Amino acid sequence: MQTNSPYPLAHSAPGILDLTVTLQATPSVPTNLTCANIPPLSFLLLADRLAELYEMVFPDRPEWLSSEVVDWEDETAVAAAVERFLGRVSALFPVHDDIWDVDLEVVEWRLYEIPVIPMGYDIWHDEWEDLKEPAPYLLHMCYSRHDEDRSYRRDEFEDLYPDHLTPRYLEPHRLVETLRQMALPEPLDALPDLIEMLDHSTGNSFLDVGELSLAEGGGYPPWNREDVEWLAEEWQKAKPILERLHRLLDWQNNTPEEIGFKLTAVRDALQDAYQQTLTCPAATK
Amino acid sequence: MNQPLAIDILVGALTAVPEYDNPLNPIYEVLGRQRPLTLQAIRQHTQLLHDHADQARDQTFAVNKVILSCKRIPPTPLPILPLGF
């Protein structure tokens with residue numbers, strides 16, 4: 001059988017496939033090629049994007065750009081650099097700064113969408129019994145009451161909280177302003193904030209949106225200067241409210257007796273506010 | 001009858017391709033001189049990086065196009081291998 005190729009190697013296409021060069025004992029390397037120790041192009045492009053974000057988010061910290069050395073040998077090193085950036089963003093507002101899936105596409109995604117962490121309740125996804133009181137108490141008060149139009153439905157609220165019942169038409173979200181005017185003592189002063197958070201009506205995006213509702217509602221915002229500044233401002237407003245709120249949620253929360261005491265205090269505050277709105281309807285929000 | 005002709009045309013076309021440099025060479029040349037290579041250094045050459053990355057992408061796209069075109073060429077018996085080997 002003939003083994004000679006009709007296209008001898010000596011006439012290979014220059015620049016495309018030159019087997020004669022490839023087969024040489026000492027390959028000829030163009031002298032101008034200095035790619036040794038430089039990360040691959042995909043890493044360089046990601047580094048450029050990371051640098052762009054540093055400039056946008058931290059214009060006053062140029063030293064962070066000059067101190068981040070791009071000697072990345074693998075995707076883990078790339079992810080670590082992005083985590084360092086996100087860790088610095090966390091000082092402005094909460095973001096997911098851990099990258100569990102060290103895949104270049106996943107890492108890159110963090111540089112195109114702000115992985116912000118909203119603090120609001122996902123009331124239709126969260127298990128209410130997993131929440132700290134008085135959040136479940138307020139949710140059941142709003143959504144688990146006996147419905148006159150559907151009389152066959154049990155009043156779940158009555159079943160769950162027989163010792164802390166409230167008037168049927170007491171609607172917590174209508175009492176927010178009255179509760180604020182009552183100047184409740186700490187930590188009950190967070191009650192109107194909690195009611196608004198459960199009602200998604202605080203007006204603050206960190207408090208009104210939960211992680212799942214953010215994902216369902218279009219996902220994370222893209223990185224741009226306006227959104228970064230806005231998120232930082234929103235977080236400054238949300239932080240004291242959340243601190244106040246956690247004081248209420250953690251207060252009297254260790255034993256059933258303590259929780260009963262807390263619910264009594266909450267119920268009494270709500271009833272006082274409700275009575276005030278009955279005598280002075282203008283106080284209703 | 002036309003099959004050997006297709007190979008001839010392909011080889012002719014590939015042989016006619018002019019020599020070219022790796023489009024990433026200018027990036028390597030500039031960034032290779034930076035020690036250490038920092039985000040700041042990369043940012044200073046962002047235009048160069050993107051221009052030549054685009055060229056590399058265009059080239060990859062063109063090569064892929066050739067590969068796809070070649071895949072459409074019907075199998076041709078080679079002098080050294082029987083058809084269907």
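At what angle do the axes of helix α2 (residues 41–57) of chain A and helix α4 (residues 75–89) of chain A cross? I looked this up first, in what is a predicted model.

**Entry: α2(A) and α4(A).** The axes cross at roughly 10°. They come within 11 Å. Angles under 35 degrees count as roughly parallel, so I note α2(A) as roughly parallel to α4(A).

Next I listed who meets whom. From α2(A) I wrote down A:Phe43, A:Leu46, A:Leu50, A:Leu53, A:Tyr54 and A:Val57. Facing them in contact, α4(A) brings A:Val78, A:Ala81, A:Val82, A:Phe85 and A:Val89. I then sorted this contact by class. It has 11 nonpolar residues, no polar ones and no charged ones.

**Entry: domains of chain A.** I checked the domain assignment. Domain 1 of chain A covers 41–109, and domain 2 of chain A covers 128–283. I took the centres over C-alpha atoms and found 37 Å between domain 1 of chain A and domain 2 of chain A. The two do touch: six residues of domain 1 of chain A and six residues of domain 2 of chain A take part in the contact. What classes make up the side of domain 1 of chain A that touches domain 2 of chain A? I count six nonpolar residues there, with no polar and no charged residues.

**Entry: chain B.** I turned to secondary structure. Chain B has four helices and zero strands. Read from the N terminus, the order is α-α-α-α. How much of chain B counts as buried? I get 11% of its 85 residues.

Definitions and conventions:
Residues are numbered from 1 along each chain as its sequence is written. Chains are lettered from A and ligands numbered from 1 in the order in which they are written. This is a predicted model: local features need pLDDT of at least 70, side-chain atom pairs count only at pLDDT 80 or more; totals for chains, interfaces and linings use all residues. Helices (H or I, at least four residues) and strands (E, at least two) are DSSP runs, numbered from the N terminus. A residue is buried if 20 or more other C-beta atoms lie within 10 Å of its own, exposed if 12 or fewer, and partly exposed in between; C-beta atoms are placed from the backbone. Domain bounds come from an automatic or database domain assignment. Two residues are in contact if their C-beta atoms, placed from the backbone, lie within 7 Å. Ala, Val, Leu, Ile, Met, Phe, Trp, Tyr, Cys and Pro count as nonpolar, Asp, Glu, Lys and Arg as charged, and the others, Gly among them, as polar. Axes are lines fitted to C-alpha atoms, for helices over the stretch in contact, and angles run from 0 to 180 degrees between N-to-C directions. Angles under 35 degrees count as roughly parallel, over 145 as roughly antiparallel, 65 to 115 as roughly perpendicular and the rest as oblique.
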